[in-house]
Amino acid sequence: MGIFTHVVVGTNDVEAGRKFYDAVLDTMGLKRVMNFDAASLWSTGAADSDLFMITKPGNGAPATFANGGTISFAAPSRAAVHKFHEVALAHGGKDEGAPGPRSFTPTAYAAYVRDLDGNKICCYCFAPA
């Protein structure tokens, strides 16, 4: 796995975003692999493929560049997720989601923070507990 688990950009119109990215990402062999009510995922389809996602921002505000956008880093362990969160807060980051399980897959374990400029970053570990 690379250093990213997924890259997310915000959208104000999920259906229009799906059509746009279906066309654009098809040029690179990427296909839509999953839909949620307010989001969609694209990948190569390979089990270890990085993911690209569009979503309506979780805070309900309009999508702008970086609102709804998240950069996610791959964590080697759940302990590393905790360390990521702890160190980010110690260096001036703001909590956006404490370390813990995430409901979209059985082994998803993550933490979210905002950096000093307000960018949302997170890390995910998908290893079993």
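K83 is partly exposed, with a relative accessible area of 47%; here buried means under 20%, exposed over 50% and partly exposed in between, with a 1.4 Å probe and protein chains only. This is a predicted model, in which local features need pLDDT of at least 70 and side-chain atom pairs count only at pLDDT 80 or more, while totals for chains, interfaces and linings use all residues. Residues are numbered from 1 along each chain as its sequence is written, and side-chain values use heavy atoms, with hydrogens and water left out.

The side chain of K83 meets that of E86 in a salt bridge, defined as a side-chain nitrogen of Lys or Arg within 4 Å of a carboxyl oxygen of Asp or Glu. K83 and E86 are three residues apart in helix α2 (residues 78-90), about one helical turn. E86 is also partly exposed, at 49% relative accessibility. Helices (H or I, at least four residues) and strands (E, at least two) are DSSP runs, numbered from the N terminus.

| Salt bridge | N to O distance |
|---|---|
| E15 and R18 | 2.5 Å |
| D26 and K31 | 2.1 Å |
| K83 and E86 | 3.7 Å |

E15 and R18 both belong to helix α1 (residues 14-26), where three residues, about one turn, separate them. E15 is partly exposed at 45%, whereas R18 is buried at 8%. In the pair of D26 and K31, D26 is partly exposed at 38% and K31 is partly exposed at 45%.

Disulfides, meaning pairs of cysteine sulfur atoms within 2.5 Å, number zero in the whole structure. The sulfur of C122 has its closest cysteine sulfur in C123, 6.9 Å away, which is too far for a bond. C122 is buried at 0% relative accessible area, and C123 is buried at 3%.

The largest pocket holds about 970 Å³ of space. A pocket is an open set of points on a 1 Å grid over the protein atoms alone, where a 1.4 Å probe fits, with protein on both sides within 12 Å along at least five of seven lines; lining residues have an atom within 4 Å of a point. Its volume is the space filled by probe spheres set on the points, which are joined across faces, edges and corners. The lining of the largest pocket has 37 residues, with H6, L41, M53, F104 and Y124 nearest the centre. Strand β1 gives the most to this lining, four residues.
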